[in-house]
Amino acid sequence: DQVIEKLKEIDYSGSYTEKKVAYYFITNAKYELCFVYGMKGKNSLAYQIGKEISGAIDTFDESYFPLQYKYDSKNYSIKYSNFSPTQSEFYTGMSEICYNLSYYEQSVVYAKKSLKSPDITAWYKYIALSKIISTKKKLNQYDTEFLDYALQFFDNYTKLESSYFAKF
């Protein structure tokens, strides 16, 4: 809350560039809170925050970057490639949260967004695909899309590093 309040001061009174950077950091601070709530199983709280920032996360595409700012007399620059993995992680996490809350259609929407991410990891792809498959099973949707995602799931599963298997 303190970080967000400090950044809001810049968001309200800074230059256009400063406001853009502050908005990015405010959104990321809220995402961290969303992530922590999700990890603690507080899905309703995580969902509320995730829904609040999902529009911002969607707007953070390549055209939003680079973000440049000065801090402590040093110049910094954030590229889209610095953010893209976080975007994929957000979408995957929201897919899980929505699934846990039985918001199945929303779970699929977020999972598909994650799958479109250029920097999705094999692990996040595994989670996103499993949420789509699980949702389609819950909804009795054994269609061509289900089969396509099931094939992608098994193909991706074979690409997971052995360290992931310890999680099962």
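User: What limits apply to the values, and how are residues numbered?
Analyst: Residues count from 1 along each chain as its sequence is written, and side-chain values use heavy atoms, with hydrogens and water left out. The model is predicted, and local features need pLDDT of at least 70, side-chain atom pairs count only at pLDDT 80 or more, while totals for chains, interfaces and linings use all residues.

User: At what angle do the axes of α3 and α4 cross?
Analyst: Helices (H or I, at least four residues) and strands (E, at least two) are DSSP runs, numbered from the N terminus. Axes are lines fitted to C-alpha atoms, for helices over the stretch in contact, and angles run from 0 to 180 degrees between N-to-C directions. Here the axes of α3 (residues 43-59) and α4 (residues 80-100) come within 10 Å and cross at roughly 140°. That makes α3 oblique to α4; angles under 35 degrees count as roughly parallel, over 145 as roughly antiparallel, 65 to 115 as roughly perpendicular and the rest as oblique.

User: Which residues make the contact of α3 with α4?
Analyst: Contact means heavy atoms within 4.5 Å. On the α3 side the residues include A46, Y47, G50 and I57, and on the α4 side they include F83, Q87, F90 and M94. By class, this contact has 10 nonpolar, five polar and two charged residues. In that scheme Ala, Val, Leu, Ile, Met, Phe, Trp, Tyr, Cys and Pro count as nonpolar, Asp, Glu, Lys and Arg as charged, and the others, Gly among them, as polar.

User: How do α4 and α5 lie relative to each other?
Analyst: The axes of α4 and α5 (residues 104-116) come within 8 Å and cross at roughly 165°. The two helices are therefore roughly antiparallel to each other. Among the residues that meet are S88, Y91 and S95 in α4 and Y104, S107 and Y110 in α5. This contact of α4 with α5 has eight nonpolar, six polar and one charged residues.

User: Which residues have the most contacts inside the largest nonpolar core?
Analyst: In soluble globular proteins, nonpolar side chains tend to be buried together. A nonpolar core is a set of buried Ala, Val, Leu, Ile, Met, Phe, Trp, Tyr and Cys residues joined through side-chain atoms within 4.5 Å. Buried means under 20% relative accessible area, exposed over 50%, partly exposed in between (1.4 Å probe, protein chains only). The largest core has 23 residues, and Y24, F60, F65, L67, F83, F90 and M94 have the most contacts inside it. Elements giving two or more residues to this core are α2 (16-39), α3 and α4, and α4 gives the largest share, seven residues. A second, separate core of 14 residues includes V108, A128, F146 and Y149.

User: Is Q87 buried or exposed?
Analyst: Q87, in α4, is buried, with a relative accessible area of 6%. Not counting residues up to four places away in sequence, Q87 touches I57, D58, F60 and Y80.

User: Which peptide bond is cis?
Analyst: The bond from F65 to P66 is cis, with omega near 5°. P66 is placed in the loop between α3 and β1 (67-71).

User: What is the phi of S73?
Analyst: S73 has a positive phi of about 65° although it is not a glycine. This residue is in the loop between β1 and β2 (74-78) and is exposed, with a relative accessible area of 69%.
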